[in-house]
Every structure is written in structure tokens, then in C-alpha cells.
Amino acid sequence: MSKHITILALLAALAAGASAADLVVIGHPSAAALTKEQVADIFLGKNLSMTPVDQAEAAPIRAEFYKLVTGRDTAQVKAVWSRLVFSGKAQPPKELPDSAAVKKAVAADPKVVGYIEKTAVDASVKVITPID
Amino acid sequence: MRRLAICVAVAALCGAAGAADGPEFKFSGFGTVGAVKTDTDEAQYRANLRQNKGADKSVDFGVDSLLGLQGDVKFNDTFSAVGQLLTSRRDGSDGPVIEWLYGQAQLPAGFKLKLGRMVLPTFMISDSRSVGYAAHWLRAPADVYGLYPSSSFDGGQLQYGTTLGAVNLTAQLSAGTAKSKLFVNNAYMELKAPRLLSLNLVAEAGNWSMRLGQTQAYDSEVEGLAPKTRDTFSGIGAQYDNGTLLVMSEYATRRQGNSFFESDSWYASAGWRFGAWMPYATVSRYTPKGLFFMGAPDNKLTAVGLRWDLMKNVALKFQADAVRNGTVNFLSSSPSFLASPPTVHVYSVAADFVF
């Protein structure tokens, strides 16, 4: 029983930690603002008008981003994209090694959308969706 | 027509392979390793009408196991091509067949044109019905998904996609020809649909997805069993998935010019995710209608299952089904089984993977 309570407390702590995220969705300086729902559609392949880019598969920011924006964990996101890939509709977001690479890709193309830590934002990109 | 469409796709593949800029190639795959057994030796259980063997009290590995290999080539922002090889038990062989091979062009204003062999969008998840990893259940309910054995067609498809506020809309108009083999009465019979016309509409908004579609097959026939007639297959479906709760349901009807094979069917399925674990349940019903099935009882399925995301790219699934009067599902039935079909329990385990 006390073991269960400890696990629950841990889970609660984890959940609380995740909601205090300091990450932002960034786009090209000329890009328009997007709602959280629009960002979720772009990163789940429902809206193919923009080009999403991902952080490294093992990066904590990636799991945190998907949990906060889409409510899904990385395995579920993988299942969503496997459907799109094997229906020939779309390829999953290109994976970039770190936030610097995401900023570079976003700054170079008005259609690219990425996510980075709030602290990594600079003048080369624009925050198009703040995540609270 | 069929040959021509494939030639066009191959030509598109080869033509652009020599492009100066260098096309981007991507290879990926999916598969399932599955084992099935039932509680009867009086009939064999199969997943669909194209299988000529199934499971009984002894374990069978061919009902759900399959391997798909896919190549995607992107020539430039406009042209791309997709090929998919599928190896599974169907049409009397276990060898690989070309499931898809098409070239596509992204046209202005949200239009897209595809030519070659591609998926026939008869159901809500037609486009990934072989990809177990993408689905929560172990296999799609045959009472609905078993009713359109031809999973792909040869021809062309015009697609239009647009976004209205928070709603993403897609419309697909397809025309072409399809063929498959049905194993009925212990022999393979050819199902031919030489002239198909299909419209598929999908609306997605947030956690909701809805689908409405109709496929017309003019001069549809099952050689040696059913004469040529106009076959109209219509379906409507809805899905809600918020990441934790998943609910989906589809309703499908078949009507024919000569009222031969007709049916109404539906399923409803729901699951709840607890981290890597997802218990789910599915119920489905198939009501046979038309002259061929005069007075036949409904088919009923109740299934419970569990998906476990075991590791990256691999999901393990367990499912137990209670099947009653499975018209699609049973073959080699004994006279006593046919005279008074019992409820058959089917136990399945499968590992779905993608790479």
C-alpha cells in the first residue's frame, strides 16, 4: 500500500514537473502565430501545410513537447506517424540533433516549425506559440 | 488499364531516378508475427475471405502474420512515388505481392494526383489496415473490414485537401479496376471489379475524425458464384482519440443491382491507455441480406484485448474473441458446425513492429 502511494506521489511529481515546461514553438521571423491545436495538427500529420522538425529521439524536450501539445507519449506519436508513412501520405518530421540545429532550420525556411527551450530563443526565429 | 497504370508508376520511378538533383529515397517496413488458436476443430478461423487456411485447436501462425516493405522516392517538391510489397497468407500463396506502386504529383491549390496501384479507401483505416502497429486492436473486425476483400486498385486518384479554421478536410475521388481471389466453398474464385468509382471524404478536427465514403463497382462479379451486377458499398465512421481514451465506430452497407449479396454491418471499439498498456474491447455485427443469404442469421463478435507498447517500434497484443456465425471468418466447417454454429472462442497473440 505505502509502495503504491510512493509511486503515485512520484507520478504526480513528474506530471507537475512536466507542466512547468519552459518550451516554445518557433517559426520563421515572418511566420504567423499558431494556436496549440494547430501545432498539434502539424506535428501529428493532420495538417501538411507546414513542415515540422523534431528534436533528437532521446531528448527530454521531445517527450515533453508531445505530452504538452498533443497529450500523447512518444510511442503513440510513433504509431500515428507509422499510419501516415505506410499509407504513403507523409514522412515523419526530420530529426535534428539539438535546439541550435532547429533554430537554423526554422530561420532558413518560412514553412518550418520547431520547438526549443524558451532560453534558447534569439532574433533569428520568432516564438509563434508559447506553451504554458 | 491495370498494366498501363503500373507502367506509368514504374516509368515515373525510373525517370526521376536519373534526375540531376538526386531524388531522396526512404525505405521502411512493418510487420506482424501472430499466433492464433480456437476452441473448436469443427471449423477453421481466418482473418479474411482471401485466406484458404485458418486456425483451429492447434496453433496457426498464418492468420495474422505479415511483412510489408515500402520504398518512398521524392524527386522534388512536386513528384514522388511509393511502392509497397506485402507478404501474407492470401490468394492461395504466401509470397510477396505488389500491394502499391504509384506515382504522385502535388498540384497547386491543395490538389494531388496519383497514378498506379494504390489503396482503395473503402473504410476509415483502409490506408493502414495491414499495419498492426498503427492500430490499437490485434485485427480489424471482419464483420466490417472483411466485406471489401480488394484492398488496392489500379487506376488514378484525385485528392483535394484544405483547412477550414480548425477542421482539416480531405476528399479523394478514385477510378480504376480491382481484382482479388475469394476462397469460398473450398475453392478460389476470382472477384472482379473492372470499373470502380469511389469517393472518400475525411474531416479531422482536434481529437475527432470523421469519414464518409461510397465505392461503386459497375459489373462487379464473383466468377462461378455471382453474376455481373452493380455493387454499391457505403460507409460512415467516426473516431475520437484524446491520447488516453480512444473510441471508434463504423457502419457499412452493401447494395447490389440484382440484390444478390447485400448486408448491413457495424462495429464499435474503445480503449483506455495506461502508459504503455491499453486494454480495449470491440463489438461488431454483420446482418446478411439479399437473395444469396436469405434467412441467414447475424454474425456477432465480442472481443477484448490488450496492447502493450513493449519497446520502441514494437507492440505486443493479446486478444480473445467470441465469434458467432462468422460468414467471413470460418472455412472447412463440418456439417454439424454448419447446422448449428456454436460460439467459437479465438485466442490470439501478436507482435507488431515497424522499422
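1. Helix 2 of chain A (residues 36–43) has six of its eight residues buried, so this helix is largely enclosed by the rest of the structure. A residue counts as buried if 20 or more other C-beta atoms lie within 10 Å of its own, as exposed if 12 or fewer do, and as partly exposed in between, with C-beta atoms placed from the backbone. Helices (H or I, at least four residues) and strands (E, at least two) are DSSP runs, numbered from the N terminus.

2. The model is a predicted one: local features need pLDDT of at least 70, side-chain atom pairs count only at pLDDT 80 or more, and totals for chains, interfaces and linings use all residues. Residues are numbered from 1 along each chain as its sequence is written, while chains are lettered from A and ligands numbered from 1 in the order in which they are written.

3. Which residues of helix 2 of chain A are buried? They are Gln38(A), Val39(A), Ala40(A), Asp41(A), Ile42(A) and Phe43(A). Within chain A, these buried residues pack against strand 1 (23–27), strand 2 (51–54), helix 3 (60–70), strand 4 (112–117) and strand 5 (126–130). They also pack against strand 8 (167–184) of chain B. Just after the helix, Gly45(A) has a positive phi of about 75 degrees.

4. The contact between the chains takes 18 residues from chain A and 24 from chain B. Two residues are in contact if their C-beta atoms, placed from the backbone, lie within 7 Å. On the side of chain B that touches chain A, the elements giving two or more residues are strand 1 (24–38) and strand 3 (66–74) of chain B.

5. Chain B has three helices and 18 strands. Strand 5 (residues 96–106) and strand 6 (residues 111–119) of chain B run antiparallel and are joined by six bridges; two strands pair if DSSP finds at least two bridges between them. These two strands form a hairpin with four residues between them, and Ala109(B) in the turn has a positive phi of about 60 degrees.

6. Strand 6 of chain B also pairs with strand 7 (residues 152–164) of chain B, in the antiparallel sense, over nine bridges. Leu115(B) in strand 6 stands opposite Gly103(B), and the bridge partner of Leu115(B) in strand 7 is Gly156(B).

7. Along its principal axes, the C-alpha trace of chain B spans about 65 × 50 × 40 Å. Of the 355 residues in chain B, 45% are buried.
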